[in-house]
Amino acid sequence: MEVKEMRDMSMDELIQKRGELRESIFNLKLKRATSRLESPMKLREARKDLARIETILTERELQGARG
């Protein structure tokens, strides 16, 4: 998912997506531990997407506190 798409999402959508990504990361780590992970890049991409969403949520919280 691209950053522009994430920035266009509402707060509720971002929070929901964050939960989905956390669950996905958990499942990917479990697959990696049991040597059933097909593509290690999926885990990396999910972690980066989660970090981007966390950054956007933090930015919006700070803007709300200032403005």
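How many salt bridges does the count come to by the rule used here? The count comes to five, a salt bridge being a side-chain nitrogen of Lys or Arg within 4 Å of a carboxyl oxygen of Asp or Glu.

1. Basis of the note. This is a predicted model, in which local features need pLDDT of at least 70 and side-chain atom pairs count only at pLDDT 80 or more, while totals for chains, interfaces and linings use all residues. Residues are numbered from 1 along each chain as its sequence is written, and side-chain values use heavy atoms, with hydrogens and water left out.

2. Glutamate 59 and arginine 7. Their side chains meet in a salt bridge, at 2.7 Å from N to O. Glutamate 59 belongs to helix 3 and arginine 7 to helix 1, so the pair ties together parts that are 52 residues apart in sequence. Helices (H or I, at least four residues) and strands (E, at least two) are DSSP runs, numbered from the N terminus. Glutamate 59 is partly exposed at 32% relative accessible area, and arginine 7 is partly exposed at 41%. Buried means under 20% relative accessible area, exposed over 50%, and partly exposed in between (1.4 Å probe, protein chains only).

3. Arginine 22 and glutamate 54. This salt bridge has its closest N and O atoms 3.0 Å apart. Arginine 22 is in helix 2 and glutamate 54 in helix 3, so parts 32 residues apart in sequence are tied together by the pair. Arginine 22 counts as partly exposed at 46% relative accessibility, and glutamate 54 counts as partly exposed at 24%.

4. Arginine 52 and aspartate 49. Here too there is a salt bridge, with the closest N and O atoms 3.0 Å apart. The two residues are three apart in helix 3, which means that about one helical turn separates them. Arginine 52 is partly exposed, at 33%, whereas aspartate 49 is buried, at 15%. Salt bridges that share partners also join Arg18, Arg22 and Glu54 into one network.

5. Contacts of aspartate 49 and methionine 1. Leaving aside neighbours within four places in sequence, aspartate 49 is in contact (heavy atoms within 4.5 Å) with Met1, Met6 and Leu21. Methionine 1 is found in the segment before helix 1 (3–7) and is partly exposed, with a relative accessible area of 42%.

6. Leucine 50. This residue lies in helix 3 (residues 40–66) and counts as buried at 15% relative accessibility. Not counting residues up to four places away in sequence, leucine 50 touches Arg18, Leu21, Arg22 and Ile25. Leucine 50 and glutamate 38 are twelve residues apart in sequence and 20 Å apart in space, C-alpha to C-alpha.

7. Serine 35. Which residue has a positive phi of about 60° although it is not a glycine? That residue is serine 35, found in the loop between helix 2 and helix 3. Serine 35 is exposed, with a relative accessible area of 67%.
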